[in-house]
Amino acid sequence: GNREGLEHNELILKIVQQYLLHGKAAFFSAYAAHLGGPAVSFSQHSQQIIHLLDIALDNFRADGCGLPVAFSIVGHIITLVPADVPMLLEPLLQRVLKLVVTSKLPPSSATGGVLVFVRLLVENREFFFDFLNRLTAGVQPLPPSASPLLMFIDSWFAKVDEIRDQKLGRLNALAMCNLLPTDNLSVLARVPYICKLILGMSDDELSSQSSVEWRDSPEELEALFDNISLRDSKPVNVKQMDVRQLLWKRLGETEQTVGQGFH
């Protein structure tokens with residue numbers, strides 16, 4: 001029946017999740033994508049993974065069966081190949097965003113949906129804003145009058161306590177820093193709250209030194225993401241920066257962007 005089919009799909013997703021945790025970029029590059037410059041072509045394996053994620057979004061029940069694992073896998077993919085997210089995941093991200101900002105996700109899955117975009121903001125800031133700004137222009141799935149960026153930020157900030165409960169304080173703080181610099185007045189209005197949240201965190205919450213060992217508990221899998229660094233080194237890797245220093249840096253950049261009137 002349909003329920004058995006959904007449970008079968010969830011089981012497959014859990015297997016994919018374990019392969020991603022163990023194989024990391026090697027698994028993804030070998031089985032999920034052929035990455036080769038301008039002529040990037042994603043393999044059948046990649047399309048099968050996306051198809052499984054689509055099924056989870058199409059058929060989730062009131063209890064959110066399958067969604068936490070699906071969102072976890074999307075987070076893994078964003079971490080493993082952040083530069084290729086636009087080609088690989090954009091249609092899927094549109095669907096997840098609509099579920100997040102319209103509050104249509106079951107409570108047990110809502111935080112996982114928000115974390116997909118928190119992860120995206122840390123891993124590929126440029127695409128995060130490009131994606132949301134194009135949706136603001138009415139591309140889809142939301143009407144032209146909507147502001148997906150602000151709708152997402154409000155959905156995100158409503159889940160701050162749940163994110164901290166999952167021991168993802170550092171990830172959350174890095175993403176909030178990456179909202180800056182900006183000249184968006186609505187985002188600037190939220191800067192005091194961002195500063196209050198980050199400066200109120202303990203050193204333990206902001207630490208990136210916790211274990212990255214794979215564990216069986218699904219609740220612990222999300223906590224691994226904050227410590228997995230699989231990209232080539234860059235002059236500035238925000239994931240390795242002290243969060244408070246990054247905040248001061250972003251505030252300084254914002255002041256340069258909007259002028260001396262910013263405090």
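How many helices and how many strands are there in the protein chain? There are 14 helices and 0 strands; helices here are DSSP runs of H or I with at least four residues, strands are runs of E with at least two, and both are numbered from the N terminus.

Before going on, the basis. This is a predicted model, where local features need pLDDT of at least 70, side-chain atom pairs count only at pLDDT 80 or more, and totals for chains, interfaces and linings use all residues. Residues are numbered from 1 along each chain as its sequence is written, and side-chain values use heavy atoms, with hydrogens and water left out.

Now the chain overall. Of its 263 residues, 49% are buried, meaning under 20% relative accessible area, with exposed being over 50% and partly exposed in between (1.4 Å probe, protein chains only). Among contacts with a separation of 6 or more, 71% join residues 24 or more positions apart; a contact means heavy atoms within 4.5 Å.

Next, helix H5, residues 107-123. Its 17 residues reach 25 Å from first C-alpha to last, close to the 24 Å expected at 1.5 Å a residue; that expected span is 1.5 Å times one less than the number of residues. H5 is mostly covered, with 15 of its 17 residues buried.

Last, helix H1, residues 2-32, which holds Leu11. Leu11 is partly exposed, at a relative accessible area of 48%.
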